[in-house]
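Opening the notebook on this one. I want to know what sits inside the fold and what packs against what.

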Amino acid sequence: MIRGIINYSHYLLGEAIHKGDTVIDATCGNGHDTVFLSKLVGETGHVFGFDIQDKAVNNTKERLSENQLTNTTIIKDSHSNFIHHISVDKLTRLGGAIFNLGYLPGSDKSIITRSESTILAIEGILSHMKQNGIVVLVVYHGHQGGEKEKEQLLRYTRLLDQKQFHVLCYGFINQKNDPPFILAIQKRN
Ligand code: SAM
C-alpha cells in the first residue's frame, strides 16, 4: 500500500531518528507528533516542542501528561528561536525535526506558519543536525497564505546543495482540494 501523508512522515522520522536523540517538533499544535517523537527517542532522548499559541502549548502538555511522557520540553516561542532553548549537549545529539505547516485545526485560521520564520528555523536545524538526520515538512497550503509559504519552501529546498542534502517531495498528485504533501531533507554523510 502507498502510505498516507502522516503515516509516511512518521515512517521517515522512524528511519532516521534513534533512541537517545534530541528532536524538535517545530509546530506542536495538538501534540500528536510530539507524542510520537517522545516515544521514538525514548527515555534517554529528548523532544523540544515549539508553538506560538497558548492553546497549542496547553493541548500538547495535556496530551503528553495523559501518555505519561516526561522526556519533553514544550516552549511557547517561535521555532526560529529554537537555538536559545536547547543546551549544547542536547544540540550535539540533534537527529531531526518535524514541521506541520498551516494553522491549528479548529482554531484561528489567521495564525499560520510563515515562510520567513520556517526557513530561518530549517537553516538553523540543518546546520546543527547530525549526519543522516532528517527534517520533515508536512506542507498544508490550501488556506490563505499557504500558497506563498509552499512556493518559497519549494524554491528554498530545490536550491539546497545535492552534495550535502537529499531532498524528497512526496504527495498525491491526483487529489482535489490542495492536499498536503511532504518535503523531507536528509543530511548526507
Ligand atoms: N502537528 C500539530 C498536531 O499534531 O496537532 C499540528 C500543527 S498546526 C498544522 C501548525 C501550528 O504551528 C499551529 O499550532 C501554530 O500556532 C504553529 N505556529 C505558527 N507559527 C509558528 C512559529 N513561528 N513557531 C512555532 N509554531 C508556529
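Predicted model: local features only at pLDDT ≥ 70, side-chain atom pairs only at ≥ 80, totals over all residues.

**Aromatics.** I started with two tyrosines, Y8 and Y170, and found both buried. I then searched the whole structure for aromatic pairs and got three. Y8 and Y170 make a stacked one, with 3.9 Å centre to centre and 20 degrees between the planes. That pair joins distant parts of the chain, since Y8 is in helix α1 (residues 5-16) and Y170 is in strand β6, 162 residues apart. Y170 also pairs with F172, this time edge-to-face, at 6.0 Å centre to centre and 80 degrees between the planes.

Is F172 buried, exposed or partly exposed? I get 24% relative accessibility, so F172 counts as partly exposed. Y170 comes out at 16%, so it counts as buried; the cut-off for buried is under 20%. Y8, Y11, Y170 and F172 belong to one aromatic cluster.

**Cores.** Next I looked at the nonpolar cores. The largest has 29 residues, and I24, F99, I122, I125, L126, V135 and L137 have the most contacts inside it. At least two residues each come from β2 (46-51), β4 (94-100), α5 (115-128), β5 (134-139), α6 (146-158) and β7 (181-187). Which of these gives the most? It is α5, with five residues.

**Helix α6.** I checked its length: 13 residues reach 18 Å from first C-alpha to last, close to the 18 Å expected at 1.5 Å a residue. Its buried residues are G146, E149, K150, L153, L154, Y156 and T157. Down the helix axis these fall within an arc of 165 degrees, so they line one face of α6. I noted R155 and R158 as exposed on the other side. The buried residues pack against α5, β5, β6 (165-170) and β7.

**T60.** Last stop was helix α3 (residues 54-66), where T60 sits. I get a relative accessible area of 0% for T60, so it is buried. Beyond its neighbours within four places in sequence, T60 is in contact with C28, G29, N30, G31, T34 and I74. With G31 I found a polar approach too: a polar atom of the T60 side chain lies 3.4 Å from the backbone nitrogen of G31.

Note on methods. Residues numbered from 1 in each chain as written. Heavy atoms only, no water. Core = buried A, V, L, I, M, F, W, Y, C linked by side-chain atoms within 4.5 Å. Buried < 20%, exposed > 50% of the residue type's maximum accessible area, 1.4 Å probe, protein only. Helix = DSSP H or I, 4+ residues; strand = E, 2+ residues; numbered from the N terminus. Polar contact = N/O pair within 3.5 Å; in protein donor to acceptor, adjacent residues only side chain to side chain. Contact = heavy atoms within 4.5 Å. Expected span 1.5 Å × (residues − 1). Arc of directions from axis to C-beta. Phe/Tyr/Trp six-rings, centres within 6.5 Å; stacked < 30°, edge-to-face > 60°.
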